[in-house]
Amino acid sequence: MTLLARVWQARGVSERAPDPLVAEACRRSPLVWVRAAGRPARPVWSVWHEGAVAVVVGGEEQPDPVPDDVREVEVVVRSKAAGSRLLTFPARVEVLDPGDPVWAPTVEALRAERLNAADPETLPQRWATGSRVLRLVPVGPPTEQPGGYDDTSGASPPVPTPAVTVRRRPFHLGGRRRRR
């Protein structure tokens with residue numbers, strides 16, 4: 001029995017192999033979009049590890065797209081080759097604590113994929129104190145997949161910001177050069 005199977009058994013969760021399409025898509029794409037109920041989808045870098053998408057959010061890492069009280073999210077996986085939406089699946093959110101037996105292997109997998117870390121040796125300590133390590137465990141079949149996409153675009157309105165665009169182009173003495 002694997003370590004993950006023992007942890008699932010202790011938590012009362014039945015061991016279930018994830019959909020092979022979900023596993024392969026998440027293994028190939030290091031970027032997924034996470035959509036919590038009532039919030040726009042946010043991109044996060046991730047690692048497929050032990051049958052779930054593992055992410056580090058908060059602190060000095062990427063912004064946290066999952067509020068503390070949310071236990072189910074929707075994960076949108078993009079195609080690495082085309083960059084477009086490949087599949088969407090529902091996932092259960094598991095927050096890992098540093099004392100959890102799954103913490104060390106998950107953090108090691110995340111650390112190995114964190115390519116531009118300033119100090120890779122201190123990442124586990126920094127993540128334990130200032131970030132959240134999440135496992136997004138698939139809980140059902142994909143809701144969207146090749147051959148069965150929703151007709152809507154999936155685009156969401158831009159995040160409100162105080163930045164504005166210039167309405168008029170500035171004056172240039174002698175005019176502007178034209179493009180060929």
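**Close-up views of the predicted model**

View 1. The phi angle of Glu50 is near 50°, a positive value in a residue other than glycine. With a relative accessibility of 41%, Glu50 counts as partly exposed, because that class covers values between 20% and 50%.

**View 2. The chain as a whole.** The chain contains four helices and seven strands. Read from the N terminus, the elements follow the order α-α-β-β-β-β-β-β-α-α-β. The chain has 180 residues, and 37% of them count as buried. Among contacts with a separation of 6 or more, 64% are between residues 24 or more positions apart.

**View 3. The seven-stranded sheet.** The strands form an open sheet in the order S2-S1-S5-S6-S7-S4-S3, and the pairing is antiparallel. S2 (42-45) and S3 are the edge strands, each pairing on one side only. On average, neighbouring strands in this sheet are turned by 40° against each other, direction ignored. Helix H3 (residues 103-113) lies across S2, S3, S4 (52-57), S6 and S7. The angle between H3 and S3 is about 145°.

**View 4. The hairpin of S1 and S2.** Strands S1 and S2 run antiparallel and are joined by four bridges. Val32 has Val44 of S2 as its bridge partner. Five residues lie between the two strands of this hairpin. In the turn, Gly38 has a positive phi of about 75°.

**View 5. Strand S1 and its two faces.** The covered face of S1 consists of Val32, Val34 and Ala36. Leu31, Trp33 and Arg35 make up the uncovered face. Side chains in a regular strand alternate between the two faces of the sheet. S1 (residues 31-36) also runs antiparallel to S5 (residues 72-78), with five bridges between them.

**View 6. Surroundings of Trp33.** Trp33 belongs to strand S1. Its relative accessible area is 33%, so Trp33 is partly exposed. Leaving aside neighbours within four places in sequence, Trp33 is in contact with Ala41, Arg42, Pro43, Glu74, Val75 and Val76. Trp33 and Trp45 are 12 residues apart in sequence. The C-alpha atoms of Trp33 and Trp45 are 8.7 Å apart in space.

View 7. S5 and S6 run antiparallel and are joined by seven bridges. Val75 stands opposite Phe89 of S6. Between the two strands of the S5 and S6 hairpin there are six residues. In this hairpin, Gly83 takes a positive phi near 80°. S6 (residues 85-96) pairs with S7 (residues 132-138) in the antiparallel sense over six bridges. Leu96 has Val133 as its bridge partner in S7.

**View 8. The second largest pocket.** The volume of the second largest pocket is about 210 Å³. Its lining has 13 residues, and those nearest the centre of the pocket are Ser29, Pro30, Ser46, Val47 and Glu113. Helix H2 (20-28) and strand S3 (47-49) are the elements that give two or more residues to this lining. H2 gives the most, with three residues. By residue class, the lining of the pocket divides into seven nonpolar, two polar and four charged residues.

**View 9. Ser46 at the second largest pocket.** Ser46 lies in the loop between S2 and S3. Among the lining residues, Ser46 is one of those nearest the centre of the second largest pocket. Ser46 counts as buried because its relative accessibility is 6%, and the cut-off for this class is under 20%. Apart from neighbours within four places in sequence, Ser46 is in contact with Ser29, Pro30, Val32, Val53, Ala54 and Val55.

Key:
Residues numbered from 1 in each chain as written. Predicted model: local features only at pLDDT ≥ 70, side-chain atom pairs only at ≥ 80, totals over all residues. Heavy atoms only, no water. 1 Å grid on protein atoms, 1.4 Å probe; cavity = no way out; pocket = protein on both sides within 12 Å on 5 of 7 lines; lining within 4 Å. Points joined across faces, edges and corners; volume = space filled by probe spheres on them. Nonpolar A, V, L, I, M, F, W, Y, C, P; charged D, E, K, R; others polar. Pairing = 2+ DSSP bridges. Axes fitted to C-alpha atoms, helices over the stretch in contact; angles between N-to-C directions. Contact = heavy atoms within 4.5 Å. Buried < 20%, exposed > 50% of the residue type's maximum accessible area, 1.4 Å probe, protein only.
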